[in-house]
Amino acid sequence: MSRIGKMPIAIPSGVEINVAGQSVSVKGPKGSLTKVLAEPITAKQEGSTLTISRPDETRLSRSLHGMSRTLVANMIEGVTKGYSKKINIVGVGYKVAAKGKNLEFALGYSHPINFIADEGITFKIDSPTEITVVGIDKQLVGETTAKIQKLRKVDPYKGKGLHLEGAYIRRKQGKTGKK
């Protein structure tokens, strides 16, 4: 039995869960999310807990069990607390500005780069060199953060570029270090 999959999910107060066949809908104070579970996996609500179960011990069922439970738990956490990731911008003249709900980056190219926000994503600009990506869907927040980071990858020699806060940047020594 999957150690993660067999744990029941506690449903906090203020969160409504609707299970209809393979579809699980979660509605909370920050919004609502819906996920269709993979075919052999089922969800059942009992009072203030939700259990995810599998019908048999096949390889497919076992592999989907823990993942399905984690996806539903992430949905519940998203509609109650939300998710956020912070991006630091390092480099001379590199900055970001808000253009409505979208972003405009100056990243050392000959032109500014406009980044259009996905539905359900908001940006908080803490300073011209710090952005926080906020949303209720964990996957969408991570995807948007990755797309932003691809606009200017981190240079291993100078450390310039876009990177997550707290991320380790592997620096290279360069030509002068070999004497």
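Which residues does His 163 touch, not counting residues up to four places away in sequence? The tour of this predicted model begins with that residue.

**Stop 1: His 163.** Select His 163, which sits in strand E13, residues 161–164. Then display Lys 86, Ile 87, Asn 88, Val 90, Gln 149, Val 154 and Ile 169; these are the residues that His 163 touches once those up to four places away in sequence are set aside. Is His 163 buried or exposed? Its relative accessibility is 11%, so His 163 counts as buried, given that buried means under 20%.

**Stop 2: the largest nonpolar core.** Select Ile 89, Leu 103, Phe 105, Leu 107, Phe 123 and Ile 148. Within the largest nonpolar core, which has 20 residues, these touch the most other members. Two or more residues of this core come from each of the following elements: strands E7 (83–90), E9 (102–106), E10 (113–115), E11 (121–127) and E12 (130–135), and helix H2 (138–150).

**Stop 3: Phe 105.** Return to Phe 105 and show its surroundings. Not counting residues up to four places away in sequence, Phe 105 touches Ile 89, Lys 95, Val 96, Pro 112, Ile 113, Phe 115, Ile 131, Ile 148 and Leu 151.

**Stop 4: an open sheet.** Next, colour strands E1, E6 and E5. In that order, these 3 strands form an open sheet with antiparallel pairing. Strand E1 (9–10) and strand E5 (42–46) are the edge strands, each pairing on one side only. Between E5 and strand E6 (residues 49–53), which run antiparallel, there are 5 bridges. Which residue in E6 is the bridge partner of Lys 44? Select Thr 51 to see that partner.

**Stop 5: helix H1 and Asn 74.** Helix H1 lies across E1 and E6, and runs at about 155° to E6. Within this helix, which spans residues 59–80, select Asn 74. Asn 74 has a relative accessible area of 19% and is therefore buried. Leaving aside neighbours within four places in sequence, Asn 74 is in contact with Tyr 83 and Lys 138.

**Stop 6: the annotated ranges.** Finally, select residues 11–82 and 90–161, which an unreviewed UniProt entry lists for "domain: Large ribosomal subunit protein uL6 alpha-beta". Residues 11–82 are 31% helix and 38% strand, with end C-alpha atoms 15 Å apart. Residues 90–161 are 18% helix and 39% strand, with end C-alpha atoms 5 Å apart.

Note on methods: Residues are numbered from 1 along each chain as its sequence is written. This is a predicted model: local features need pLDDT of at least 70, side-chain atom pairs count only at pLDDT 80 or more; totals for chains, interfaces and linings use all residues. Side-chain values use heavy atoms; hydrogens and water are left out. Helices (H or I, at least four residues) and strands (E, at least two) are DSSP runs, numbered from the N terminus. Buried means under 20% relative accessible area, exposed over 50%, partly exposed in between (1.4 Å probe, protein chains only). Contact means heavy atoms within 4.5 Å. Two strands pair if DSSP finds at least two bridges between them. Axes are lines fitted to C-alpha atoms, for helices over the stretch in contact, and angles run from 0 to 180 degrees between N-to-C directions. A nonpolar core is a set of buried Ala, Val, Leu, Ile, Met, Phe, Trp, Tyr and Cys residues joined through side-chain atoms within 4.5 Å. UniProt positions are given in the numbering used here, feature names are shortened, and annotations may be inferred rather than shown by experiment.
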